[in-house]
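Subject: Structure for your review

Dear colleague,

Please find below the structure that I am handing over to you. My notes on what was found in it follow directly after.

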Amino acid sequence: MNRKPELKGRAARLARLFPAGPQQAARTPFVLLVVLLLGGGLIGLLVMNSALSEGSFRMDDLQKDTKSLTDEEQALQRDIDSYSAPDALQRRARELGMVPGGDPAFLNPDGTVKGVPSAAAQQSAQDVPVVVRPPEAITLSQTIASPSSATPTTPTSSASSAPSDPPAQNSAPTAAAPETPGR
């Protein structure tokens, strides 16, 4: 009684496309595919989350470095500003023995002088501060003052080339005596 009617024509051709009996699809490959997709997605999220955390820590370190370097730059800029302030420059110039200049005069291209020059103000001995320079600074200033000399004069080289006679105690300038051929 459970007999299916036979189909003819077009209906028979369509009926052949459907499965003939109650068959179950294989569930194992589908379940395995879904588990693999979910597991891969979770692992991908974990890797992405750890990479973002690492980037966040690196960004925090770089921001701390930037802040410390900015603070250092501002401190250096404050030092530069304090050294280049007019009163600090004037004090340092006075320590070096410099005096304010007089009125300037200018030379025109034709050789005439424009303006009246005046000499710099002379300081008294009381106003001049005593500046103690280390030997390196003296040697450096001598080298800078006479760049045409090939060898800079140092305390050791000038002491070895000095004559064996003791220096004169007289403070008056004397003419240089010619060297004798026996020495």
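**Findings**

Residues are numbered from 1 along each chain as its sequence is written, and side-chain values use heavy atoms, with hydrogens and water left out.

**Confidence**

The predictor's confidence in each residue is given as pLDDT, on a scale from 0 to 100. Its mean over the chain is 75, and 60% of the residues reach 70 or more. Among the elements of the chain, H2 has the highest mean pLDDT (95) and helix H5 (residues 155-160) the lowest (43). Over residues 149-178 pLDDT stays under 50, and the model has seven contacts beyond four places in sequence for them; a contact means heavy atoms within 4.5 Å. Where pLDDT is low, the predicted coordinates should not be read in detail.

**Overall arrangement**

The chain contains five helices and two strands, which are DSSP runs numbered from the N terminus (helices: H or I, at least four residues; strands: E, at least two). Along the sequence their pattern is α-α-α-β-β-α-α. Of the 183 residues of the chain, 2% count as buried; buried means under 20% relative accessible area, exposed over 50%, and partly exposed in between (1.4 Å probe, protein chains only). Among contacts between residues at least 6 apart in sequence, 19% join residues at least 24 apart.

**Salt bridges**

How many salt bridges does the structure hold? There are three, where a salt bridge is a side-chain nitrogen of Lys or Arg within 4 Å of a carboxyl oxygen of Asp or Glu.

One of them joins Asp-71 to Lys-67, with 3.3 Å between the closest N and O atoms. These two residues are four residues apart in helix H2 (residues 27-83), so about one helical turn separates Asp-71 from Lys-67. Asp-71 is partly exposed, at 37% relative accessible area, whereas Lys-67 is exposed, at 54%.

Arg-91, Arg-92 and Glu-95 are linked in a network of salt bridges. Glu-95 pairs with Arg-91, the closest N and O atoms being 3.5 Å apart; both lie in helix H3 (residues 86-95), four residues from each other, about one turn of the helix. Glu-95 also pairs with Arg-92, where the closest N and O atoms are 3.2 Å apart. Arg-92 and Glu-95 are three residues apart in helix H3, again about one turn. Relative accessible area is 29% for Glu-95, which is partly exposed. Arg-91 counts as partly exposed at 48%, and Arg-92 is partly exposed at 43%.

**Nonpolar surface patch**

Phe-30, Val-31, Val-34, Val-35 and Leu-38 form a nonpolar patch on the surface, with about 480 Å² of accessible area together. Patches are made of residues with over 30% relative accessible area and no salt bridge; like charges are joined within 9 Å, and nonpolar side chains (Val, Leu, Ile, Met, Phe, Trp, Tyr) within 5 Å. Phe-30 lies in helix H2 and is exposed, with a relative accessible area of 56%.

With kind regards

Technical notes. Predicted model: local features only at pLDDT ≥ 70, side-chain atom pairs only at ≥ 80, totals over all residues. Areas by Shrake-Rupley, 256 points an atom, 1.4 Å probe, with all protein chains shown as cover.
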